[in-house]
Amino acid sequence: MRRFLERSPFLVVKSEVFFTFTRRRLKETQNVLLDLARYRPTNFGISTAILMHMIRHVCHTPIVKNGYLHDALRDVRFEETMINHGMFFLHDLDLESHCIHEIPAEDPQACGVAMSLGGKLPRPLAPAQPPNLTPTGLFALGDSPAWSDIKAFIG
Amino acid sequence: MLQELSDGLQTSYQLWLILCHGGEFFDTFPADNILEILDNRPEVYFGTAHIERRLAREADNCISCRSTRTAPVHDGVEEDESDREQVSAEGSGNTSDSCESSAGIVQSSGVTLPDQYPPAVPTSLKKQHKIMARSRCRPSRKPKAPKTSVCLITLEPRRFQLLPRNRQRDYDDYFNGPSLEDMRMFASMGGLESQPLDWYSKPTIRSCWELFRDWGYRLEPEFAHMFACQEPQKVIEHILPPPSASITLKKSETMECDDICEMGMQDMIDGAGAEGSICSMELFVKGLTADGRWVKFNPRRDAHNVPPSNYTLSYDIDSIILTSDELNLSGDVEIEVLPYSGRTPPIPKSNHSYVELLMPQSEADIEAGGRSEWYSISYSVSSIPHTHFAKIGPFKITIHFPRMKHRDPINDRSATLIPWEVQSLFLVEVLYPAIMAGENPSTMPYKNFTLDEWKWKASNNTRFSGASRTVVVSAEQFDAIQLAMREIIAADPDELGIFASFYLLLEGKGIKLRTNCIIGEGEMDPYETLCQKIPYIDFEHFKKRENGQLLMDLGIGFHPTDDNGEPLVCLWDLEKLCESYDAAGMNKGTTHHTNTMANYGGIQAEMDQRRRSLVQICFRSSYCLHYEAVRRVRGGEISFCNDVDAYNTNSSFMKSIDDYMKMLNGGRKKTYGVRDEIRGSGAAICKVLNNLPSLVCSSRVNHKLKYLTCH
């Protein structure tokens, strides 16, 4: 046991940092999903499945039960990205085109069936206004400046 | 057909009632006794369940059907007793070992003695019956040491230790039962048999009495034993074995590349900008920085240095699993008197506890007279048909019926949820009489009810029946009930034989808070605390091999404290943890990645079967306690909404995310350490508990806990 502990088998981080990071990852994944929901690409079903898998993965280890999700995670190189980059990042996400590349352009039938349970049509969301990054009379650095910009501004 | 006829009668009767209420007139009117039968359900009057049982039994004994089942599957397989082959249950280490054909033959009048067991499973039997591929004869198996390597702890091979036999009476009915060939009863389900009949649109639906029947499995006295002998071997060495030193060197190498940016958690929070901005989404989800570089995530950049003395090491006993054919308890027991009505059985997934079931004889062995085949297979207790039986304190007792073990012919999964009809038969014919046998006139008014009466008493209203109803019996009565149940079943083997060979399993989960102790502080360890707080279970009694199999979960917690009161979170390093698991001889198991982090999370794995048998540790689980912040009911259950809610971006989706955010926000002010759980025999866990304080204290004094510092 002594030798086991000597090997520092665990990492200690501040709770503030860990939970802020975890919460932020959850929130931003939700924001991405809402962004795609506003434009509803033809493969929004698979995109939702991937993003929900990431959301569940924030606190749990979800089991992939659907074949279409299994295929989609392979398409976005889930395992390789996680190992090579220390964490899974959705490299094929394109927020300018509001879609995820490298997955089928249209939802497979099984996905369509799974996403239409209850037979209700999704409520369309209004496209979000892009944050104003240019200086205004109210905010010198725009509506939503980056923290690095604020630090640089303060000096 | 019988069920359809009964249902049709009911439907016609209901239709007739509606028409009569609607003003229709008919020439003939049913007699009063007929109306009474229809009012009280015709299946009850005609005893449909009884007829179904009889029919199923007749089908079992049908000579024509039996001759089809006993036809040889593989041509050219000779019934040569000389081709017996010593094959381990793990399928490795084959060595030829011939034996005398008469070595293990026991006549039905005699009792099996240890020296009469056959040495190995014949290859011909394995070829003829696929199910026998994993079978073995534990009593006569050659003792083998687990595989050895540089990093693995070497162990001495030990022979499986048998319990003393009763020379007057067999432990179970080994000479009357179905054969291996009878297991093929539904093997042809994919063919003509499963097709709809021309006059009936539905495919063949099996009666529950055809499926939940005696399939020939029997128990040997050592059925509950997962380990070779009473004393564990080198168990301390298998507790938290250290990972190799080479990993740290590998970890210190950093990735240097122009389009890669190594970032920790704080770096990403600082560099993301405002929440919800494109930059933030790209950084946290896509892993792309504002300057167009890919993120290489390295949480070691956020490592917090904790002084060695600032760790609290705790230990506890988190759960208990006790398997025995006879549970002698010292407190009042609440016995369930209604059928179990859950969607899943009481033990829905493997709890890493196994029992050894004796396989049925082959037809050839039966025809030869007596029994020479004593081959068994280890099965998870969760794969055996079982139902709730009783409760005592925080412990639940389930009753398991190994004779009814089978796979569903439609989905090929183990059928473990016992149908209501079968449970009702057990309650009415076995349990209620057994309870009543030990009662006196003063308690009769509280306990003497029929199944329908109990259902009515348990019901909340006219539409919904209650799920649970119990009667309290004393410890002495509980012992008497178990004995009476066996006697009742033995008295009517034709009707109640399916319930014979039953055993009981007592399971208590989540008792860590009752037994938690700080290592090196206080006078009592978790086992002593457990014995003190749960006096109605004699754990010393059940630690002994002859009284069943006791499994305990030992939890070891590591909790950091910061000098400045800063709340901290610990994360298991998966690479080092994997090395430790490998050194302990664990199987590959399941790895859980916290927030998709490649190298941080938890691992769960069972120990290699041969090693487990000697060390007496069967399962290990390591996880980070920050999971407790969002854990609701049971570990592994996910409370997020469904994908379809996210697809529709409805309120369920928004609420479930908000709830998790709230819980995660709360976590920022709390400390969460890490935990390692080891499931092993009572003897093994007690041995560890005795040694753990001295191990921790000595390492604290001599090494000043420098190993706990995270750099």
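In strand 13 of chain B, B:L505 is the bridge partner of B:T398, and this strand (residues 503-508) is joined by five bridges to strand 11 of chain B, the two running antiparallel. Strands are DSSP runs of E with at least two residues, helices are runs of H or I with at least four residues, and both are numbered from the N terminus; two strands pair if DSSP finds at least two bridges between them. The model is predicted, so local features need pLDDT of at least 70 and side-chain atom pairs count only at pLDDT 80 or more, while totals for chains, interfaces and linings use all residues. Residues are numbered from 1 along each chain as its sequence is written, with chains lettered from A and ligands numbered from 1 in the order in which they are written.

**Strands 10 and 11 of chain B**

- Strand 11 (residues 395-400) of chain B is largely enclosed by the rest of the structure, because five of its six residues are buried, a residue being buried if 20 or more other C-beta atoms, placed from the backbone, lie within 10 Å of its own.
- Strand 10 (residues 386-392) of chain B pairs with strand 11 of chain B in the antiparallel sense over six bridges, and B:H386 stands opposite B:H400 of strand 11.
- The hairpin of these two strands has two residues between them, and in this hairpin B:G393 takes a positive phi near 55°.

**Chain B as a whole, and its helix 18**

- Chain B contains 24 helices and 20 strands, and buried residues make up 39% of its 711 residues.
- In helix 18 (residues 526-533) of chain B, the residues B:P526, B:Y527 and B:L530 are buried. They lie on the same side of helix 18 of chain B because they cover an arc of only 100° around the axis, the arc being that of the directions from the helix axis to the C-beta atoms.

**Where chain A meets chain B**

- In all, 73 residues of chain A are in contact with 86 residues of chain B, contact meaning that the C-beta atoms of two residues, placed from the backbone, lie within 7 Å.
- On the side of chain A that touches chain B, helix 2 of chain A gives the most, with 21 residues.
- The residues on that side of chain A divide into 41 nonpolar, 18 polar and 14 charged.
- Strand 1 of chain A runs antiparallel to strand 16 (residues 568-573) of chain B, to which five bridges join it, and A:K14 stands opposite B:L568 of strand 16.

Technical notes: Buried ≥ 20, exposed ≤ 12 C-beta atoms within 10 Å, placed from the backbone. Nonpolar A, V, L, I, M, F, W, Y, C, P; charged D, E, K, R; others polar.
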